[in-house]
Amino acid sequence: MAASASQPKLARSLGFVDLWSIGIGALIGGGIFTVIGPAVAEAGPALFVAFLVAGGIALLSSMSYAELASIWPYEGASYAYAKYALRPISKDLSQLTALMCAGLYFLSFAFAAGAVNLSFAGYFTYLFPNISPIVVAPIVSILITILLLIGMKVAGKINTFFSLVQVIALFAIAVIAIAHMPFGPFTYPEFMPNGWSGIFAAAALIAFGQMQVEAVLTLGEEAKNPRRNLPLAQISALVTVVILYTITGYGAVAVADPADLAASSAPLSFAIENVLPIGGTILITIAALTATGTSTIGCILGSSRMLFAAARENAVPKVFGRVNQKTHLPANAILFTGILALLTTLLSVFGFSAAIGIAVGAAVFANWFMMALINVLVIVVRIRQPHLERQFRFPLNIKNIPVLAIVATVGAIGILFYVDTIPLLIGISWVVLIVLWYYLYSKKRWQFHDSEEEEKHEHV
């Protein structure tokens, strides 16, 4: 069913650099400042190997995302991919899977935003110790929501600046640490104390830092030249972040004992203070503040666009599919996501951080589950719809089947076995709730937009 012709459209204000910086910001803040401690406890001196394993699987999966984005560069990303990839097989399967993608992504990142806001507040109070995190975290959540309601052009430029700052700061930290002890990780008696099981357990934790791989793709209708820029921005952002993660993990273990890093509440700060005691912590703080700020931007952006895409077809209440006449933004979806992020932030502030940590663990499950699903979808599309034009094609194919997509599927599913039991059960419960929502609410209300209708949005 077509949208109304009078319905305001989303503004195409994001070029390649804006999209790349959104990807960078979303990916870096979500992981590097929170996962090194618990990950090094599993991987030991081989921490950087775990970063490479998680990054490799994410990179392979990103190529599946990129191919699908070059076919259907629409708002909602995996929501749209699942809908159109599975439609030739089954209407219900396509709609249910699309809703599952939207629901898992929305819940995951709305909750993750709250946890990241609290992390921002913790680093902020290092610079300004007289200001309580209880005050800072909610204010940050509100300000970022307001920023995203003002307009993507302004938000995009601010996000680009912060992303460049964090990339430069993290690169400097890694170079300083590695220069101090170039072969540090290989000087310990046991390089992999827990073997490959420790590496994969660490990779499952590190997954938190790669789970926003889809954030930039959710902005399909707000991107300039989306068929080219979306895949290019997504892959280049992930490559940048995997390199930064790997050299930072290598540098941290090079200059600090893994056991001490695992015991530290701020392992990256602990590591850099060993070699740069005066300015090191300030450098870390600058990187952390910009990274956590842009991560919240990525969380709210991605979640709100997923909600918007589903609401536009009445799979969720249609009020979230409205576009503001002046800003050309999905204001209701942004506001609702921002409120949920604020509530999660307040829960964190008032002592429920353990519960939020479990929710974030469930988000990791949800997103690696989605990575496996996207890899399967690209194979299905190759088999069922080989005629579709693509500006990006997954490399290394045998009889039109992308072999590495199969490898990425197995890797993503393998990572799921290392997710803790409680987050795993929560993630599965989310899937069950989404299925119930589809059959009790969405199925009878769904107003399906075919690809021709989406093309109208694309060329506006």
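Rings of Phe, Tyr and Trp count as a pair if their centres lie within 6.5 Å. In this predicted model, the structure holds 20 aromatic pairs.

Q: Why is the aromatic pair of Phe106 and Phe336 called stacked?
A: The ring centres of Phe106 and Phe336 are 6.1 Å apart, with 10° between the planes. The distance lies within 6.5 Å and the angle is under 30 degrees, so the pair counts as stacked.

Q: What makes this a pair that links distant parts of the chain?
A: Phe106 belongs to helix H5 (residues 91-127) and Phe336 to helix H13 (residues 331-384); the two are 230 residues apart.

Q: How do you know whether Phe106 is buried or exposed?
A: Phe106 has a relative accessible area of 10%. The cut-off for buried is under 20%, therefore Phe106 is buried. Phe336 has 35% relative accessibility, which lies between 20% and 50%, so Phe336 counts as partly exposed.

Q: Why is the aromatic pair of Phe161 and Phe162 called tilted?
A: The centres of Phe161 and Phe162 are 5.9 Å apart and the angle between the planes is 45°. Stacked requires under 30 degrees and edge-to-face over 60, so this pair is tilted. Phe161, at 53% relative accessibility, passes the cut-off of over 50% and therefore counts as exposed. Phe162 is partly exposed at 30%.

Q: What makes Lys83 a charge over the ring of Phe448?
A: Lys83 lies over the face of Phe448, at 5.1 Å from the ring centre, and the distance criterion is within 6 Å. For Arg445, the charged end sits over the ring of Tyr441, 4.0 Å from its centre.

Q: Why is Glu221 called buried?
A: Glu221 has 3% relative accessibility; the cut-off is under 20%, so Glu221 counts as buried. Glu221 lies in the loop between helix H8 (195-206) and helix H9 (226-255).

Q: What makes the approach of the Glu221 and Arg312 side chains a polar contact?
A: The contact between the side chains of Glu221 and Arg312 is 2.4 Å, and the cut-off for a pair of N or O atoms is within 3.5 Å.

Technical notes: Residues numbered from 1 in each chain as written. Predicted model: local features only at pLDDT ≥ 70, side-chain atom pairs only at ≥ 80, totals over all residues. Heavy atoms only, no water. Phe/Tyr/Trp six-rings, centres within 6.5 Å; stacked < 30°, edge-to-face > 60°. Helix = DSSP H or I, 4+ residues; strand = E, 2+ residues; numbered from the N terminus. Buried < 20%, exposed > 50% of the residue type's maximum accessible area, 1.4 Å probe, protein only. Lys NZ or Arg CZ within 6 Å of the ring centre and 35° of its normal. Polar contact = N/O pair within 3.5 Å; in protein donor to acceptor, adjacent residues only side chain to side chain.
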